[in-house]
Amino acid sequence: MKKQSYEVLGVMSGTSLDGIDLAWVNFEQQNKHWKIRIKAAQTFAYTDVWRERLQKAVSLSKAKIEELDREYTLYLADTINSFLKQNKIRNLDAVCSHGHTVLHQPEKKLTKQIGNLPNLAQLIQERVVCDFRVQDVALGGQGAPLVPVGDALLFKEYDFCLNLGGFANLSTSENGKRIAYDITAVNTVLNFLANQLGKDYDRDGKLAASGEVNEDLLQKLDSLSFYRQKPPKSLGVEWVNSTVLPLLNTSKETTTNKIATYSAHVSTQIAANLSASKKASCLVTGGGAFNKHLIESIAEKTATRLIIPAPEIIEFKEAIIFGLLGVLKLRDEINVLQSVTGASKNHVAGKVYS
């Protein structure tokens, strides 16, 4: 007989490099439906040193990535231990951790998330479920996105689930199957541009709202070949560095106008993937949900109703769902869908360390 209730800590670090999200969640299965109760959640912001190290990780040698992996695992353990102590948490069923992606090239069957080493379990004295992406890539999948299983189980009342993080990814049901894919880069690019103006990010999208859209640059961005590919498809920082940033860096526009133009580009690409029906609804989460200008721009270009949930869902949805992926792994139940990633089969992903 499987357990019906689980206490877990979901841990997520995204490509936008805001920090490490931790969500202490109770998952309870009632009549084959999962109910969640968030007991505590917090983001531990990255130090400038760590943010810079993670930004540069994509260009490191294999040996240097392994060294970074060991050091990041210690850093992650310290962060988790601080949260556990602060909230007096004991006897969890598991800590379910995504780690931090430093390499994602599924076409070469490569993906690497640091912070998933076995000694993490010893360092935090808890069972750990982690390293969810590697198996999917080995099975011919994109290794991403993984969150749609959680969308289907926890947020199925919405027609679409849109996450606006480092990248925008969309999850929906089509012909009875869950599909999901990355749409474009969001905060990886917007934060990069805001940094040039001495800001961590574009608060409320005020910089974008104050700038002017360069139609020529916008057309070049909208013409990128990735947008013509059919799902399943996913993006990594490598794509941003090789494809998006060269267009922005060679433009002679002001940085503020580049932010305005890129925001317009993001809203156009997202709206193109939503429904023309006014009956359709879309749950919007991730840091970009707080970008008022971006949300208004998307809303102007689609009939789909955009639903902005409570802040704890906006900020911690991915950490919560990685907690669920860990629970499904412990139950030996499918947590990665072939229809989403393009893998050769549905499967149970993740490694368990005691």
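This tour moves through one structure in a series of selections and states what is found at each.

The model is predicted, so local features are reported only at pLDDT of at least 70 and side-chain atom pairs only at pLDDT 80 or more, while totals for chains, interfaces and linings use all residues. Residues are numbered from 1 along each chain as its sequence is written, and side-chain values use heavy atoms, with hydrogens and water left out.

**Stop 1: helix H6**

Select residues 187-196, which form helix H6. Helices (H or I, at least four residues) and strands (E, at least two) are DSSP runs, numbered from the N terminus. Helix H6 is mostly covered, with seven of its 10 residues buried. Buried means under 20% relative accessible area, exposed means over 50%, and partly exposed lies in between (1.4 Å probe, protein chains only). The buried residues of H6 are Asn-187, Thr-188, Val-189, Leu-190, Asn-191, Leu-193 and Ala-194.

Against what do the buried residues of H6 pack? Their partners are strand S8 (160-164), strand S9 (167-174), strand S10 (177-185), H9 and H10. Just after H6, select Gly-198, which takes a positive phi of about 80°.

**Stop 2: H6 against H9**

H6 and H9 pack at an angle of about 40°, and their axes are 11 Å apart. Axes are lines fitted to C-alpha atoms, for helices over the stretch in contact, and angles run from 0 to 180 degrees between N-to-C directions. H6 and H9 are therefore oblique to each other. Angles under 35 degrees count as roughly parallel, over 145 as roughly antiparallel, 65 to 115 as roughly perpendicular, and the rest as oblique.

H6 passes H9 in a right-handed crossing. A crossing is right-handed if the near helix is turned clockwise from the far one by less than a right angle, and left-handed if anticlockwise. To see the contact (heavy atoms within 4.5 Å), select Thr-188, Val-189, Phe-192 and Leu-193 of H6 together with Val-240, Val-244, Leu-245, Leu-248 and Asn-249 of H9. By class, this contact of H6 with H9 has seven nonpolar, two polar and no charged residues. Ala, Val, Leu, Ile, Met, Phe, Trp, Tyr, Cys and Pro count as nonpolar, Asp, Glu, Lys and Arg as charged, and the others, Gly among them, as polar.

**Stop 3: H8 against H10**

Select helix H8 (residues 215-222) and helix H10 (residues 255-272), whose axes come within 9 Å and cross at roughly 40°. That makes H8 oblique to H10. H8 passes H10 in a right-handed crossing. On the H8 side, the contact is made by Leu-217, Leu-218, Leu-221 and Asp-222. On the H10 side, it is made by Lys-258, Thr-261, Tyr-262, Ala-264, His-265, Thr-268 and Gln-269. By class, the contact of H8 with H10 has five nonpolar, four polar and two charged residues.

**Stop 4: aromatic rings**

The structure holds nine aromatic pairs. Rings of Phe, Tyr and Trp (its six-membered ring) pair if their centres lie within 6.5 Å; planes under 30 degrees apart count as stacked, over 60 as edge-to-face and the rest as tilted. Select Phe-226 and Trp-239: their ring centres are 5.6 Å apart and their planes are at 50°, so the pair is tilted. Next select Tyr-46, Trp-50, Tyr-72 and Tyr-75, which ring pairs link into a cluster.

**Stop 5: backbone details in the loops**

Most residues other than glycine have a negative phi, and most peptide bonds are trans. In the loop between H8 and H9, select Pro-232. The peptide bond from Pro-231 to Pro-232 is cis, with omega near 0°. The bond from Ala-144 to Pro-145 is also cis, with omega near -15°. Pro-145 lies in the loop between helix H4 (134-138) and helix H5 (148-154).

Asn-175, in the loop between S9 and S10, has a positive phi of about 55° although it is not a glycine. Asn-175 counts as exposed, at 77% relative accessibility.

**Stop 6**

Is Asn-91 buried or exposed? Asn-91 is exposed, with a relative accessible area of 71%. Asn-91 lies in the loop between helix H2 (62-86) and strand S4 (94-97), and it has a positive phi of about 55°.

Asp-93 is placed in the loop between H2 and S4, but at 14% relative accessibility Asp-93 counts as buried. Leaving aside neighbours within four places in sequence, Asp-93 is in contact with Lys-3, Ser-5, Tyr-6, Glu-7, Val-8, Arg-127 and Leu-330. Asp-93 and Leu-330 are 237 residues apart in sequence and 9.0 Å apart in space, C-alpha to C-alpha.
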